[in-house]
Amino acid sequence: LQVKYESQRKILQTLASRLEELGIDAQKPGGLCCPLQPVVPSPIINGYRNKSTFSVNRGPDGNPKTVGLYVGTGRGRNIVCVKANHVENIPSKHKQVAQCYEEFICRSPLDSCILFHEGGHWRELVVRTTSCGHTMAIITFHPQQLGQEALDTQKALLKEFFTCGPGAVCALTSLYFQESTMTRCSHEQSPYQLLHGAPHIFEELLGLKFRISPDAFFQVNTAGAQVLYQAIGELCQATWDTVLLDICCGTGTIGLSLAHRVSKVIGVEVVEKAIEDAEWNAAFNGISNCEFYSGKAEAVLPQLLASWEDARPLVAVVNPSRAGLHYRVVRAIRNCRSIRRLLYISCKPEGEAMRNFLELCCPPNPKKKLAGEPFTPVLAIPFDMFPHTVHCELVLLFTR
């Protein structure tokens, strides 16, 4: 935690000096741009991950059907796939499913797909679990030149293995299959095919029940997410007339957990299935003051905010991927006068998020169409969402 605290301190020092370069007096005690609180620890240290992605590649012993995690680099041409048995943050259930998948593909006459152009079929495995005891497995398969009959045979063999064969010990709630010719493929590009079980798994968080689809975003550390969302609720300083804008809302967890504190929640998310989950989650939990919009935030948000004539104060919460927010999203937030308070949740604050921070805080810039008055960072709180790794979740509170 101390190591992570120091790394977050350096990030805030960097932000302060970058703001100084823009002519903004941002230096606070210690050279930081705002006060930094101690790292909030995770309630669970070992086996906390509710989602794990396993690759298929050559192992140290040369077995091309090893299911595990990559070690090495593409540049160094020394990548091998090692089993995840020793990894502390992955729960035993995930390791069990990975071991069974390896057993299945080792029995299969079809090759693993290591390089797309060299052929082969068996690709990665994603395992998702919940505290309710549910387990979802998603297997990615490169169809290459296989016809429909051959594909149907493979799907039948997979289903049989995990329901009647050795894989039955995994007691899967859901078994999904995706034919994919790309590295990453959305449901819209290539549908997730349910081979066995229920279409969704369910998680409980802060007294609410959440439905999770195969590709929906959900914080990877459920116990840590509860602590994070409670803190966000406090930082929002929301009142009965506040409208909460939940940008990159996933299955709606943040907005729905805070819905009882505010007059209205507006969620925006690019993954269509996640929005379906969010709407189901709202209805199931009896929450009626939420609206969810599906689409790229950079397309949906400017339209939403440009027509915003509501007198109620707006509090925005953004929780983007490592790629950060699209510039048009930042611009829409800057140019919406109603947003006085902004919470930015970043899983990689030293990356693209830093660009967002500077765009939010820089002086008005007509060339960049940044007309609204700048935000000021006022508080930073790191959360240890990823024990056993160098990564940390940083919540930065901006006001204006």
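Start by selecting His 388: this residue is partly exposed, with a relative accessible area of 49%. On this tour, "buried" stands for under 20% relative accessible area, "exposed" for over 50%, and "partly exposed" for anything in between, using a 1.4 Å probe and protein chains only. His 388 has a positive phi of about 75° although it is not a glycine. You will find His 388 in the loop between β15 and β16. Labels such as these come from DSSP runs, numbered from the N terminus: helices are H or I runs of at least four residues, and strands are E runs of at least two.

Before moving on, a word about what is on your screen. The model is predicted, so to speak of local features takes a pLDDT of at least 70, side-chain atom pairs count only at pLDDT 80 or more, and totals for chains, interfaces and linings use all residues. Residues are numbered from 1 along each chain as its sequence is written, and side-chain values use heavy atoms, with hydrogens and water left out.

**Stop 1: another positive phi**

Select Gln 144. Gln 144 is not a glycine either, and its phi is positive, at about 45°. Look for Gln 144 in the loop between β5 (135–141) and α3 (148–163). Its relative accessible area of 24% makes Gln 144 partly exposed.

**Stop 2: a pocket**

Next, select Ser 55, Val 56, Asn 57, Tyr 70, Cys 113, Ile 114, Phe 116, Arg 123, Glu 124, Thr 183 and Arg 184, which line the second largest pocket. On a 1 Å grid over the protein atoms alone, a pocket is an open set of points where a 1.4 Å probe fits, with protein on both sides within 12 Å along at least five of seven lines; lining residues have an atom within 4 Å of a point. This pocket holds about 240 Å³ of space. That volume is the space filled by probe spheres set on the points, which are joined across faces, edges and corners.

Which strand gives the most to the lining of this pocket? β1 does, with three residues. Both β1 (51–57) and β4 (122–129) supply at least two lining residues each. By class, the lining has five nonpolar, three polar and three charged residues. In this count, Ala, Val, Leu, Ile, Met, Phe, Trp, Tyr, Cys and Pro are nonpolar, Asp, Glu, Lys and Arg are charged, and the others, Gly among them, are polar.

Now pick out Arg 123, in strand β4. Arg 123 is buried yet has no salt bridge, and the nearest side chain of opposite charge, Glu 124, is 5.0 Å away. A salt bridge needs a side-chain nitrogen of Lys or Arg within 4 Å of a carboxyl oxygen of Asp or Glu. For charge, Lys and Arg count as positive and Asp and Glu as negative, while His and the chain ends are not counted. Beyond its neighbours within four places in sequence, Arg 123 is in contact (heavy atoms within 4.5 Å) with residues including Val 56, Tyr 101, His 142 and Met 182.

**Stop 3: salt bridges**

The count of salt bridges comes to 13. Select Glu 102 and Lys 83, a bridged pair with closest N and O atoms 3.1 Å apart. Glu 102 lies in helix α2 (residues 92–107) and Lys 83 in the loop between β3 (80–82) and α2, so the pair ties together parts that are 19 residues apart in sequence. Is Glu 102 buried or exposed? Its relative accessibility of 7% counts as buried, whereas Lys 83, at 35%, is partly exposed.

Then select Asp 152, Lys 155 and Glu 179 to see a network of salt bridges.

**Stop 4: a covered helix**

Select helix α9 (residues 352–361), where eight of the 10 residues are buried. Among the buried ones are Ala 353, Phe 357 and Leu 360. Show α1 (2–21), α8 (327–334), β14 (339–346), β15 (376–383) and β16 (393–399) too, as they are among what covers these residues.

An α-helix has 3.6 residues a turn, so residues three or four places apart point the same way. Glu 359 is buried at 11% relative accessibility, and Arg 355 is partly exposed at 31%.

**Last stop: Leu 245**

Finish at Leu 245, in strand β10 (residues 243–247). Leu 245 is buried, with a relative accessible area of 2%. Other contacts of Leu 245 include Ile 266, Leu 301 and Ile 339.
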